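Thanks, everyone, for making the time.

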Amino acid sequence: MRYLIAETSWKMVSLAKAVSDCGTLVTHCEAGDAIEDFHKIGEHDLVALDASQLLRGTSLCRLRALHPHTPIVLIARDPVPEQIAAWLMAGADTVIDEAAALPEMIAQIDCVARRAQGIARPLLECGPLTFDLEARRAHLGDVTLSLSPKLYEILEYLVLRPGRLASREALLSHVYGFENEPAPRVFDVYMCNLRSHLSGIAGTVRIATVRGAGYRLDVQDPSRSNNPLAA
């Protein structure tokens, strides 16, 4: 997953570093007045910002309108119940007290991001594959796939959107954010390597190329393929 974090205070800088150290991709926004622009031009799984930015022009309503389904997390100092209620009504998904320990904050943020994808727990089954979203590992039975961080991110992006078309641009933006993207040939090598890791289960899980449009993760239900009565 990739989070957009507005690093406008030391607490937010510390949070961004801790999230990144856990392996989650982070888009760093150091200027609070740019958070809406970053949110507008990039696709993120979650937005986190200091509540004080709302006094400096950032609007929860505008953030929500730009990407209605992207969860928004506010970090606030000593929030009172009335203010929390107002923020939730304005578009925030949750409010976290900045006095909370970083591990607790990260756990809350990760839960909000997962549940926005319809995932209740950090373990996700995709055909014969099992994904541990917390440990950032993909398992095939008892075997852990030896995926580089970038290969894992590409596969995780597709697994969270099974059957949905993912453009090449969307995948590159997810993996690299606003950093320099690799040459097209490098990305082709990534996809080739990823398909090689999945070659043993290609009949059940495969990455399909939609020419001129992008990629799609196709997951076949074995029980349906073996059932002559299945439609």
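Before I come to the pairing, one definition: two strands are said to pair if DSSP finds at least two bridges between them. Please also keep in mind that this is a predicted model.

With that in hand, look at strand E3, which covers residues 46-50, and at strand E4, residues 72-76: E3 and E4 pair in the parallel sense, over four bridges. Within that pairing, Leu49 has Leu74 in E4 as its bridge partner.

How much of E3 is covered? Five of its five residues are buried, so the strand is mostly covered, where buried means under 20% relative accessible area. In a regular strand, the side chains alternate between the two faces of the sheet. In E3, Leu46, Ala48 and Asp50 point one way while Val47 and Leu49 point the other way, and all of them are buried.

Let me turn to the cysteines. A disulfide is a covalent bond between the sulfur atoms of two cysteines, and this structure holds zero disulfides. Cys22, for instance, is in no disulfide, and the nearest cysteine sulfur, which belongs to Cys111, is 13 Å away. Cys22 is partly exposed, with a relative accessible area of 44%. Cys61 is likewise in no disulfide, and in its case the nearest cysteine sulfur, that of Cys29, is 19 Å away.

The largest pocket holds about 320 Å³ of space, and among the 15 residues that line it, Thr24, Asp110, Arg114, Leu133 and Glu134 are the closest to its centre. Which helix gives the largest share of that lining? It is helix H5, residues 102-116, with six residues. By type, the lining of the largest pocket divides into nine nonpolar residues, one polar and five charged.

The second largest pocket has about 280 Å³ of space. Its lining is made up of 13 residues, and those nearest its centre are His44, His69, Thr70, Gln117 and Arg161. In this second lining, four residues are nonpolar, five are polar and four are charged.

Technical notes:
Residues numbered from 1 in each chain as written. Predicted model: local features only at pLDDT ≥ 70, side-chain atom pairs only at ≥ 80, totals over all residues. Heavy atoms only, no water. Buried < 20%, exposed > 50% of the residue type's maximum accessible area, 1.4 Å probe, protein only. Helix = DSSP H or I, 4+ residues; strand = E, 2+ residues; numbered from the N terminus. Disulfide = S-S within 2.5 Å. 1 Å grid on protein atoms, 1.4 Å probe; cavity = no way out; pocket = protein on both sides within 12 Å on 5 of 7 lines; lining within 4 Å. Points joined across faces, edges and corners; volume = space filled by probe spheres on them. Nonpolar A, V, L, I, M, F, W, Y, C, P; charged D, E, K, R; others polar.
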